[in-house]
Amino acid sequence: MAEAHQAVAFQFTVTPDGIDLHLSHEALKQVYLSGLRSWKKRIRRYRNGILTGVYPASPSSWLFVVVAVIATMYARVDPSLGMIERIRDHLPTNGYLSNQSQSILSGLLFSTGLWFALVFTMRQTLKLLLSYHGWMFIEHGKPPPSVKIWMLLVRIFSGRKPLTYSFQTSLPRLPVPAVKDTMRRYLESVQPLLDAQQFKRMQALARDFELKVGPRLQWYLKLKSWWATNYVSDWWEEYVYLRGRGPIMVNSNYYAMDYLYIIPTRKQAARAGNTIHAMLLYRRKLDREEIRPLMGQSAIPMCSYQYERMFNSTRIPGLETDTLQHLKDSKHIAVYHRGRYFKVWLYHSGRLLKPCEIQLQMQKILDDQSLPQPGEEKLAALTAGDRVPWAKARNSFFSQGKNKLSLDTIEKAAFFVTLDDTEQGFRKEDPVASLDNYAKSLLHGKCYDRWFDKSLSFIVFKNGKIGLNAEHSWADAPIIGHLWESILATDQFQLGYTEEGNCKGEPNSRIPPPQRLQWELNEPCQKVIMQSLSVAQQLADDVDFHSFPFDNFGKGLIKKCRISPDAFVQMALQLAHYWDKGTFCLTYEASMTRLFREGRTETVRSCSSQATKFVLAMMDPNQTCEQKLKLFKQAAEKHQSLYRHAMTGAGIDRHLFCLYVVSKYLGVESPFLKEVLSEPWKLSTSQTPHQLLELVDLNKFPEYVSSGGGFGPVADDGYGVSYIMVGETLINMHISCKFSSPETDSHRFGKHFRHAMLDILALFNLDKKSNE
């Protein structure tokens, strides 16, 4: 095999005269360049570690302090108030240092200590400044002078050129709310969902917990918050994600879509070439820590911790709990096409493959007419089914030989790529079904053509459309959204295509071709694969998905109503749900807690008392427009307050979750926690933020709008709703539920949502007319 030959640096033969070595200069060159690249990465990481370690100062500031101190010493001024002399007195007197050398060394040691003290003071000051979150509760655009001064100080102490992880040690820790406050907020959140007797019973349970069990559990939680970086995140990752024994496909993984209307090229290999290269450019920027931390209000840094495991990561199944495997680097990707697995190298001659070279590699895979090996085609179904059978199969059938080598190739790849043999995306002749099928394809595909354990499974469809399926345990949707927006913009506006739809440039024909992975999957293994496929197929067939663009109006018009766009959509969802089911339900909206170190998410309980009063008023024909509008504004304002409290560490559900984990460790039974943690979220919602607005000017390129992404239903009889506000005039919706539930219908809910949005907007128009 040619690729095997090129991978060997030398060959030898044994002759009667000894051993004859045959060196391969090309292979030695590749070994040298690979080692050179590795050393460059090590040096760069060491350098970035120093820069991050002293931020917001810099090594040049150390030199400035040293020069300033030495200069004052030569001017016969002691800036140290006698400390330099004390240091000099403690230096060893071995005769090798002159008096002048001792003075300079003493000054150097003092200035270095002074510099470290200044760095520490600056970081602690910044941390103290970032611990203030009152700015979030001030009316937008009307900050008082004190907040303006605070913002100015934050900008000063934040430095000028932060690396990706520069602010990590300056971010405050997530605070542990008081048990009393959490009980009060919890009871307030469930009151509109319970009748008087049920609420009285829940009050008694909460009161009993607050007085008896709660303080003991809170003590352990406080202890953890002082010791650990974040008192929630590690338990959230382990118990919510990694310990789940059911399928992660549909239930946990989520997806991201391509542009809604545009396909830059119809050539599958070319689109793969550009977008894979764009992902590798993003990975390189991430390795070099060149991705600027996300900033709130253009000045408040957000935690970047979740970026660390974006690439070179996979979820490893276990009998009781899964684990996350992350490598510092990976030099290849794993590619699936028509039941075959391939390994594609990403570097040649010490550099990244160019887009046209990746296109050539993908085209070779597309042109390969070889058949799948026995059991190979549906192998990935193991990652789509229950976790325990997959863990047992991995230990039994993939622990040695060809299977282990091939599985290692997939699990240690930078990411997973599927060259899909179907065509997907928006079609004008059938807009509804085409987007629904596109969403389902990205969410679960055929259940065996995505490697659901990989942190990123990248899908390129036959017609050039692309998408992404992401494993959820390592990071949340905003992290993927940042990557995805960068890929789409880089693909079209930086790399581009030729007039024929190919990647630009000329490929190097000497690059080794893709390598087929080899498997020996016996009948017992194939049986487990088919059992997992059966479980996954049943789950996938039950998913009812509706994805559609709401283009009647967007956040631009909503902001003119002086209402938060997110609150507007959330109230529309409450109204739509009541029209759909005739009842209220516990509603989950994800908000991020990345204002804190290693923060992930918190729950906003959107179904508040104010929201239910508004919805009931909309159902009452006797209520006037003014009354309905007043109740709507109160509900929207309450929602904003809940969202801000969640972002600033004063949420409900993560605190209750951690108290529950502590109770399990201590073996303490709590009827209150048991009941609270078992309550179903029948309406689970999430907004995908639009983060890289500067990459694509939608006013100049209005057709390049993102479709956003979505996720599966959380409850068997509930809805999962994801939405993204694109530009000023478009909201893309993704609604999921299950066919097996007689209570839900994604298309019906979508119609209710559209009507709810229009009816709420009509309140403002009617109010405007009445004022005229």
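Predicted model: local features only at pLDDT ≥ 70, side-chain atom pairs only at ≥ 80, totals over all residues.
Me: OK, so how many residues of β18 are buried?
Reply: Strand β18 covers residues 601-605, and five of its five residues are buried.

Me: Which way do they point?
Reply: T601, T603 and R605 point one way from β18, while E602 and V604 point the other way.

Me: Which strand is joined to β18, and how does it run?
Reply: Strand β17, residues 587-592, is joined to β18 by five bridges, and the two run antiparallel. Within that pairing, S591 stands opposite E602.

Me: Switching to β14. Is it mostly covered or mostly open?
Reply: Mostly covered: strand β14 spans residues 466-470, and five of its five residues are buried. On one side of β14 are I466, L468 and A470, and pointing the other way are G467 and N469.

Me: Which strands does β14 pair with?
Reply: β3, residues 254-257, is joined to β14 by four bridges and runs antiparallel to it. β13, residues 456-460, also pairs with β14 in the antiparallel sense, over five bridges.

Me: How many residues sit between β13 and β14?
Reply: Five, and the two strands form a hairpin. G464, in the turn, has a positive phi of about 95°.

Technical notes
Residues numbered from 1 in each chain as written. Heavy atoms only, no water. Buried < 20%, exposed > 50% of the residue type's maximum accessible area, 1.4 Å probe, protein only. Pairing = 2+ DSSP bridges.
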